[in-house]
Amino acid sequence: MADPKDSINIENVVASTSIGQELDLQSVAMDLEGADYDPEQFPGLVYRTKNPKSAALIFRSGKIVCTGAKSIDAVHESLEIVFDKLRNLQIQVEDDPEIVVQNIVSSADLGRNLNLNAIAIGLGLENIEYEPEQFPGLVYRLDDPEVVALLFGSGKLVVTGGKQVEDAEEAVDVIVDRLEDLGLLE
């Protein structure tokens, strides 16, 4: 059987940073080509980078949230583009602002169908939410690593809440071990 860890794919990395000063978003939006700013809809300015593909949400406070990147390196590259664009507008941005990864969303495939009803009973209700009439996946909250996994009957799963790439690998190992111990992963 193929190792499910080999199927892990990072879907989204969310990270935050700050340039340490307030911004006039209306003025930035007018000067920053391609920026979307509609304060009636969303309080931040949205600036999308194409390569790597991501969206930077820039707030009046100077906080910036980068979302949509497919790797931690892509987050750093995208934010460096944003910092350079802001510097070009004569906005002071320090050389190396701290970038903090807030969430990594990954997907994986266990390679076989899952009986979610049996899994819900086997794993116990304290870490599980499973209401198939509300949502087709089983929500499994892990303590170590501290992530949430969504398991689907197809054997596919989504791991969210990780702060490092290894969290998804550890979560897949924990899930496979638990399901094998319960005899639910044949």
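A polar atom of the Arg 112 side chain lies 3.4 Å from the backbone oxygen of Leu 110. This is a polar contact, that is, a pair of N or O atoms within 3.5 Å in which, within protein, one must be able to donate a hydrogen and the other to accept it, with residues adjacent in sequence counting only if both atoms are side-chain atoms. The model is predicted, with local features needing pLDDT of at least 70 and side-chain atom pairs counting only at pLDDT 80 or more, while totals for chains, interfaces and linings use all residues. Residues are numbered from 1 along each chain as its sequence is written, and side-chain values use heavy atoms, with hydrogens and water left out.

Arg 112 sits in the loop between E5 and helix H3 (116–123); helices (H or I, at least four residues) and strands (E, at least two) are DSSP runs numbered from the N terminus. Arg 112 counts as buried because its relative accessibility is 16%, where buried means under 20% relative accessible area, exposed over 50% and partly exposed in between (1.4 Å probe, protein chains only).

In strand E5 (residues 100–109) lies Ser 107, whose side chain makes a polar contact of 2.6 Å with the side chain of Glu 11. Leaving aside residues up to four places away in sequence, Ser 107 touches Ser 7, Ile 8, Asn 9, Glu 11, Leu 157 and Val 158, contact meaning heavy atoms within 4.5 Å.

Stepping back to the whole chain, there are four helices and nine strands, which follow the pattern β-α-β-β-β-α-β-α-β-β-β-β-α along the sequence. The nine strands form an open sheet in the order E2-E3-E4-E1-E5-E9-E8-E7-E6, with antiparallel pairing. Strand E2 (45–50) and strand E6 (128–129) stand at the edges with a single partner strand each, so one side of each has no neighbour in the sheet. Two strands are taken to pair if DSSP finds at least two bridges between them. E2 and strand E3 (residues 53–58) are antiparallel and share six bridges, with Tyr 47 opposite Ala 56 in E3. Across E2, E3, strand E1 (9–18), strand E4 (63–69) and E5 lies helix H2 (residues 72–88), running at about 135° to E4. Such axes are lines fitted to C-alpha atoms, for helices over the stretch in contact, with angles from 0 to 180 degrees between N-to-C directions.

Strand E8 has a partner on either side in the sheet order. Five bridges join E7 to E8 in the antiparallel sense, Tyr 140 having Ala 149 in E8 as its bridge partner.

Phe 135 is partly exposed, with a relative accessible area of 35%.

A few backbone details deserve a look. Most residues other than glycine have a negative phi, and most peptide bonds are trans. The bond from Asn 51 to Pro 52 is cis, with omega near 0°, and Pro 52 is placed in the loop between E2 and E3. A cis bond also runs from Asp 144 to Pro 145, in the case of Pro 145 within the loop between E7 and E8. Gln 90, not a glycine, has a positive phi of about 65°.
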